[in-house]
Amino acid sequence: MAEQHDIWLVANEGSGSVREELLANLHASCAQSDLCIAGRSDFPRDSIPSPQDLAARGIDTLFALGGDGTINAVVSALAGWEGAILPLPGGTQNLLTHRLHGDAEVDAVVSSFARGQAERVRPRIIRSSQGLALAGLLIGPGTSWNEVREALRHGDPAQMLRATGTAIEGTTGRPPVRIAEPAVGQREGYPIIELVPHAGGMDAAAYHARTGADFVAQTWALLRQEFREGPHETLGPFDRLVLESTGGEPLDLLLDGEPAHAGPRETFTLEPCPVDLIATMPGGG
């Protein structure tokens, strides 16, 4: 019998697809693959273990099961750690795990890792003054559309209608955001700009839901839980961007789906992930 490999599990049971059945399947997959879950943190109730905690237990691999926001918190907490993090798809969009594992489910990812069919990678991510974005980030008054998506995810039609009204009001009533450096895109700005890192750089998807037809298109995209199919233009790739509010207002951000607030002008740079991630798809990251 192969020697067991001790790992630590950080799981967020509040994420999109993390349920008792998925956790049970994960534990079964680990047992079948001679992987021992030597410690577990239920995020966000429990704190994420520090590099010192993991070193004291002799653990060099951490599994992170949750959405992009959960994995972001784990990576941010373990920046500089000499071990490696295996992100597992447990959210709604799972944009980061798709970069690392393609469409593979949790059990397939664990099995590939256990068989040695994985590699450590440092994918390019985005840094801002408010933190990291591993999968991507949204900037501008239109970030309020995320509340519509969250209401859809929770199956709350009444909240969805309220959030839609708030999103339309925010998108039309507050100053848009534009790319200041380099001077590309529309100078009057956009209600929302999405930055997405990838191996070749950082793309900027500029959404322009301004007319009634645009709002219908954006809402229809949201109803199908495909936010990124809303009306937009794509710019880039870039290594560095400076975005600013056209009205000098603080910028609203969503870093991997988590809200944050910045000043009226913010710089976004591309850099390697600050800790090794484990990818099971060739060329992942």
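**Notes on a predicted model**

Author: Asp42 is buried, its relative accessible area being 17%. Please bear in mind that this is a predicted model.

Reader: Where is the place of Asp42?
Author: Asp42 belongs to strand β2, which covers residues 35–42.

Reader: With which side chain does the side chain of Asp42 make a polar contact?
Author: The partner is the side chain of Arg45, at 2.8 Å. Leaving aside residues up to four places away in sequence, Asp42 touches Ala11 and Glu13.

Reader: Turning to backbone geometry, what is the phi of Asp34?
Author: Asp34 has a positive phi of about 60°, although it is not a glycine. Asp34 sits in the loop between α1 and β2.

Reader: Does Asp34 count as buried or exposed?
Author: Asp34 counts as buried, because its relative accessibility is 16% and the cut-off for buried is under 20%.

Reader: And what is the phi of Asp256?
Author: Asp256, again a residue other than glycine, has a positive phi near 50°. Asp256 lies in the loop between β14 (251–255) and β15 (258–262), and at 8% relative accessibility Asp256 counts as buried.

Reader: On to helices. Which are the buried residues of α5?
Author: In helix α5, residues 106–114, the buried ones are Val106, Val109, Val110, Ser112 and Phe113. Viewed down the axis of α5, these buried residues fall within an arc of 160°, so they line one face of the helix. Just after α5, Gly116 adopts a positive phi of about 80°.

Reader: What about the second largest pocket: how many residues line it?
Author: Its lining has 16 residues, and Pro89, Asp103, Ala104, Glu105 and Val106 lie nearest its centre. The second largest pocket holds about 240 Å³ of space.

Reader: Which helix supplies the largest share of that lining?
Author: That is α1, with 4 residues. Helices α1 (20–32), α4 (95–101) and α5 each supply at least two residues of the lining.

Key
Residues numbered from 1 in each chain as written. Predicted model: local features only at pLDDT ≥ 70, side-chain atom pairs only at ≥ 80, totals over all residues. Heavy atoms only, no water. Buried < 20%, exposed > 50% of the residue type's maximum accessible area, 1.4 Å probe, protein only. Arc of directions from axis to C-beta. 1 Å grid on protein atoms, 1.4 Å probe; cavity = no way out; pocket = protein on both sides within 12 Å on 5 of 7 lines; lining within 4 Å. Points joined across faces, edges and corners; volume = space filled by probe spheres on them. Polar contact = N/O pair within 3.5 Å; in protein donor to acceptor, adjacent residues only side chain to side chain. Contact = heavy atoms within 4.5 Å.
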